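Below are some notes for a colleague who is opening this structure for the first time.

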Amino acid sequence: MDEVIVVEGLRKRYANGVQALDGLSFRVKRGEIFGLLGPNGAGKSTTVRILATLTLPDSGTARIAGFDVVRQPQQVRRQIGYVAQASGVDRWLTGRENLLLQARLERLPAREARQRADELLTWLGLADAADRIVNTYSGGMRRRLDIAIGLIHRPAVVFLDEPTTGLDPEARAALWQILLQLRAAQSISILLTTHYLDEADRLCDRLAIVDHGRVVAEGTPEELKAELQGDRVTLEVGREQTAMARSVLTGLPEVLTVIVDGPAVIARVPHGASALPVLVTTLERAGITVQTAAVHRPSLDDVYLHHTGRRFEDEREAPEMLAGAGTKGW
Amino acid sequence: MSWFLWDTWQLTWRQILRTLRLPIWIAVSLVQPIIWLGLYGQLFRRIVELPGFQTTSYITFLTPGVMIMTAFFGGGWAGMSMIDDHDQGVLSRLLATPASRGAIIAARVLHTALTVLIQSGLILALGLILGARFHGGALGLISVMLIAALLASGIGALSCGVGLLARREETLIAVMNFLSMPLTFLSTAFIAAPLMPRWIRALARINPVNWAVEAARGAALGTDSGMVLTRLALLAVFTIVCCLLATLAFRRYQRAL
């Protein structure tokens, strides 16, 4: 069996009326890092919580290593490691105590638990801090401890929900290295959610772009980018001129599509370098001054824009609409 | 079942480690009992001259009451750590493991009982220092501590249930404040039953805190073992019902996620 995670048509609506998932499907192969990329509120955390048996879907199915998350939750729990956004470590225990508690709850024999804890603490650079209480750890150290907790019982799949959110660049780079090492070992599948495009691009073997609770595109980062033929030429012309610039450019044979983005127009063209002078000349001839011009290879941001009609960065600050963890009742 | 016990012990050990990291809380929780025994007990020393007390020393009368009152508070705050675990994501982490769900509640109840056992032992010692004298013997005094732990278990389970449903510290504090004073004053913790107004005596009869106070005092003084046993039975039923309610609350919590 080559597919470790099979998700089909998951739907979930929270009591507050938020439709978190709206027919979400994807498959993860053994040994790969699979990314769920999307803005806050897209349904990434809800998906992970359903796969980790913490939340029930309204409909749809999900299987982990062949076990159904709704009907066989206990078997699923033996296969998974879960690293949530909220860390879940006990701040008043030491790193080692946290790890050993987890190992015992995962029913590891005592000897193996101790060995495995030592091994992970050393690998993750926490050996010196192992016997200090977690409250004294930095954000990056805490995150590495979270990863160790998720890996202690050698699960088939580990879920990392926004693993680098809130980390400083240095800690983030260190965590990337750890994940790349894990990928190289190929013994574990990783489902990673992120709202960082560079993270998805750099770490994931394959990824799904999630928007409004649905997968809008799926593939390797290269495939997704290749789907968008051509390059992106950004021409800054000033806000008053964008509408006119757009209509001038739309007719050109070199140009596939044109959209307006703030004070600039963005033209998608098969060959950016050769099209750039043509576009600039055409605009100048129409009386439009080009202030700056730039050519970009397609990025995941363009892929996102292409599939959702919105720019990714605009969504960054959207409030998390996640029900569940962190919510308050009456 | 064996996994339930294993998981309960592992999670209780976690709570014990936490308590050992911050042992100051055990001391802080003893400030109130010290005031009750040391100040209140002295202030109302001559109250036992009224008819109806089974003893001639108010400290002797008061000590079991203060032990039970402290147990009640100790149990009442158990839900705070549940809310903290929810906020910190600890509950989600535990629920994603094969760990027994019942053990997550049971460990907290067991830890509360153990903490209260230690606290009530210290209060008992304080009472003895201040001049309390009991005729129930060592068995009687151990029984008092176990009765305190039993009440704390029930209240602790209830507090966890409220914590899981409310998921807000403010709500739990409000519920506790709303219950603690009335339930303490509607009991014989401070005054003998014959001296109470009739309506309070009637309410005290259905008050679990009063069952614990009467059972504890009876055991300490070595009087009326029949009364002690019936109160104990009532208290056991109360604790079991509380644990069931906490389990239901936990199910509801899991469904709400």
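1. Which residues in α4(B) meet which residues in α7(B)? From α4(B) come Ile59(B), Thr63(B), Val66(B), Met67(B), Thr70(B), Ala71(B), Gly74(B) and Gly75(B), and they meet Thr112(B), Thr115(B), Val116(B), Gln119(B), Ser120(B), Ile123(B), Leu124(B) and Gly127(B) in α7(B). By class, this contact has seven nonpolar, nine polar and no charged residues. Ala, Val, Leu, Ile, Met, Phe, Trp, Tyr, Cys and Pro count as nonpolar, Asp, Glu, Lys and Arg as charged, and the others, Gly among them, as polar. Two residues are in contact if their C-beta atoms, placed from the backbone, lie within 7 Å.

2. On provenance and numbering: this is a predicted model, in which local features need pLDDT of at least 70, side-chain atom pairs count only at pLDDT 80 or more, and totals for chains, interfaces and linings use all residues. Residues are numbered from 1 along each chain as its sequence is written, while chains are lettered from A and ligands numbered from 1 in the order in which they are written. Helices (H or I, at least four residues) and strands (E, at least two) are DSSP runs, numbered from the N terminus.

3. On the geometry of that helix pair: α4 (residues 58-76) and α7 (residues 101-129) of chain B pack at an angle of about 155°, and their axes are 9 Å apart. Axes are lines fitted to C-alpha atoms, for helices over the stretch in contact, and angles run from 0 to 180 degrees between N-to-C directions. α4(B) and α7(B) are therefore roughly antiparallel to each other, a label for angles over 145 degrees. The crossing of α4(B) past α7(B) is right-handed, meaning that the near helix is turned clockwise from the far one by less than a right angle.

4. Chain A has 11 helices and 14 strands. Its C-alpha trace spans about 80 × 45 × 45 Å along the principal axes. Of the 330 residues in chain A, 46% are buried; a residue is buried if 20 or more other C-beta atoms lie within 10 Å of its own, exposed if 12 or fewer, and partly exposed in between. Among contacts in chain A between residues at least 6 apart in sequence, 70% join residues at least 24 apart.

5. One open sheet of chain A has six strands in the order β6-β7-β8-β3-β9-β10, with mixed pairing. Two strands pair if DSSP finds at least two bridges between them. β6 and β10 (214-219) of chain A are the edge strands with a single partner each, so one side of each has no neighbour in the sheet. The twist from one strand to the next averages 15°.

6. Ile80(A) stands opposite Val157(A), and Val83(A) stands opposite Leu160(A). Which way do the residues of β6(A) point? Ile80(A) and Tyr82(A) point one way, Gly81(A) and Val83(A) the other, and all are buried. In a regular strand the side chains alternate between the two faces of the sheet.

7. Another open sheet of chain A has four strands in the order β12-β13-β11-β14, with antiparallel pairing. Its edges are β12 (257-261) and β14 (292-296), each with a single partner strand, so one side of each is left without a neighbour in the sheet. Here the twist averages 20° from one strand to the next. β11 (residues 231-236) and β13 (residues 264-269) of chain A pair over six bridges, and Glu236(A) has Ala264(A) in β13(A) as its bridge partner.

8. Helix α10 (residues 272-285) of chain A lies across β11, β13 and β14 of chain A, at about 30° to β11(A). Val278(A) is in α10 of chain A and is partly exposed, with 16 other C-beta atoms within 10 Å.

9. Between the chains, 29 residues of chain A are in contact with 24 residues of chain B. On the chain A side, the elements giving two or more residues are α2 (73-79), β6 (80-83) and α3 (95-105). The largest share, four residues, comes from α3(A). The chain A side divides into 13 nonpolar, seven polar and nine charged residues.

Terms used:
Angles under 35 degrees count as roughly parallel, over 145 as roughly antiparallel, 65 to 115 as roughly perpendicular and the rest as oblique.
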